[in-house]
Amino acid sequence: MNNLSDLHIDALAEVFSIGAGRAALSLSEIVGDEVRISVPSIQVINSKDINSATLLLNDGRFGAVSQYFSGPFNAEAVLLFAEDQALKIVGDMMGSQMSIEELAEFEHEAMCELGNIILNACLSAMADIFEFTLESSLPDYTVASADEILHRLKTNSNQPYVMVLHIDLTIEKRHTAGNLVFLLSSSSLDSLISHVDQFLGKIS
Amino acid sequence: MPVDNSIKKLLIVDDSKVSRMLIRTHILAQRPEWIISEAVCGEEAIALVDNDLPDYCTMDINMPGIQGTDAAEQILSKHPSIKTVIFSANIQETHQTRARSLGTILVAKPVTEKSIALTLDFFATSQ
Amino acid sequence: MNDICNTLNLGVCAVDAEGKVLLWNDWIAKHSGVKETDALNKPLEQIFSEPVSPSFLAALKNTLTYRLPVVLSTALHRSPLPLHNVSGTNQQPSRMYQSITITPIQSQRDESCCLIQVTDSSTSIKREKMLRAHSEILKKEATTDGLTDICNRRFFDAHYEMAVADAKRQKYPLSIFMIDIDFFKSYNDYYGHVAGDDVIKRVADALKSQLSRATDIVARYGGEEFVLVMPNLPQQVAKQFAEKLRSAVFNLAMPHIKSQTLKQITISVGVCTGIPENDNNLLNKADTALYQAKVKGRNQCVCLPLSEAEEYLEQ
């Protein structure tokens, strides 16, 4: 299935590291402190092979921010964070003495924004480098167990491929890891690859 | 500004092959006569400059092993003549300050014609 | 179309590619104090007399450049635009908490523009705060004893179950102290219920003042009975602590001329310490220890291990 060469992966990694850098800049402007985001790995797999091991998910509950986007290719992008870690991060970003219980009331909207910043930064980096325009829906936030999330990803039969990015986020010494999952149909994956090829063709 | 047409040596330090290709392509489009070498991490760059001293260097920050800014600091303390530009997607204030303190500039990725123009301008004018 | 826009109970504003205002509904005019005629065709950031937050302007620029929708949450931004709550009175209007979404739209001439929607989140925050304060009072009422302000029986029952489960799982000893005020019925009969309540309060305070660890609790078990739950004490230390409790109450030196011990208020203490296993019951054993302390003449402590094996080990 997977027509991605090492060079394709390298190009995508560079795009997403630029996206991560932009997201870190936006977040640092909100929190007034250094924010570090890195994308240590990228993989493209068949959605039936996706499981809690590939996503490094454990038992707890996960917050999932999703946006549907369309353009030269269509995909659903889902950003996953462990809910308790995400709440701590949102708490740090709000810079107050709020308890976790108090934070819960702001969780929905604040997580939408955090996810929106990271997703938009990645999409805009893609748009800049591969020279295309994407449109996107507003972000949506749900909280579910790893099993529920994976079940939904697997049953999405129109989109047999998933691109999984592991994301490390550090704000004011608090560290968390998340996953950015792109659900892609075969034609969307082909279209993404052809854009990467076009880009590589210009520089080699 | 007079264009210096002499042959210069540039070292590109970046762990991403695509990023090195991108910088190389854009630089050669402007300065086809330049000699370009590459390193994939800070450690390799530190070893390379001792054997073959370049005139210029572009340095990524996030790489396996030591950070690009730390590598640049080590290289510049030994070879202060190498004019260096730090390339990074991360342009937060802390990195900007660090780059300035090393006598370098921070140029935002992605690598484009515009960022290469900034780089060449810095190489040509800085002392 | 304009009527619909102006009837909406949220702020609606559209800007063109240069950031100039194309649409300005009544809601936003009302809360900004800027009339539609003064807003149209002007750059958004120059319309207000106060500055617009930099994160709002950055988000707007991003949406115009990349055509991706943006969310600005109340939690992270509070009040990006200088909008105010308009009250009927002469009070100084307060700055409004806002939730904002910015979405790219296509103008009739196919130019890049943005739709900005603003909702007032002040009311939802206020409602949340009230509900939270209310539920905290209810929570406190549900778990606190009204007379003594220490934990009540209901809280103890729930806490005891968890404390036993934790100690069982992590295999550390748990100590239960059962405490009874000696000859309290005679005190009530002689001094009256108001004075009796006061004794209960002062004994509760004295017991509570002996606790220093966050893991320890004291609760009112029944009328003049108290119970303490303390994890992770060796039996010898639990015994010393029981003695500390007894002397703390003794040192209050409250007269009780009907007492058959010392003519002052005293307590009897029964303690049981051990690592909980399947069927053994710390609470019953502590109650047995309290009974023994009373039989032995009151104003004293009796300490029992949870199992015979532990009794053997201690000696």
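Before you start, note that the model is predicted, with local features needing pLDDT of at least 70, side-chain atom pairs counting only at pLDDT 80 or more, and totals for chains, interfaces and linings using all residues. Residues are numbered from 1 along each chain as its sequence is written, chains are lettered from A in the order in which they are written, and side-chain values use heavy atoms, without hydrogens or water.

Over all chains there are 16 aromatic pairs (rings of Phe, Tyr and Trp, the last by its six-membered ring, with centres within 6.5 Å; planes under 30 degrees apart are stacked, over 60 edge-to-face, the rest tilted).

First, select A:F73 and A:F132. Their ring centres are 5.7 Å apart and the planes stand at 85 degrees, so this pair is edge-to-face. A:F73 and A:F132 are 59 residues apart and link distant parts of the chain. Both are buried (under 20% relative accessible area, with a 1.4 Å probe and protein chains only).

Now widen the selection: A:F73 and A:F132 belong to a cluster linked by ring pairs, which also holds A:F16, A:F69, A:F130, A:F182 and A:F199.

Next, move to C:F184 and C:Y187. Here the centres are 6.5 Å apart and the planes at 10 degrees, so the pair is stacked. C:F184 is buried at 6% relative accessibility, and C:Y187 is buried at 8%.

Last stop, charges over rings (NZ of Lys or CZ of Arg within 6 Å of the ring centre and within 35 degrees of the ring normal). Select C:R78, whose charged end sits over the ring of C:Y97, 5.1 Å from its centre. Then pick C:R298, which lies over the face of C:F183 at 4.3 Å from the ring centre.

Conventions
Helices (H or I, at least four residues) and strands (E, at least two) are DSSP runs, numbered from the N terminus. Buried means under 20% relative accessible area, exposed over 50%, partly exposed in between (1.4 Å probe, protein chains only).
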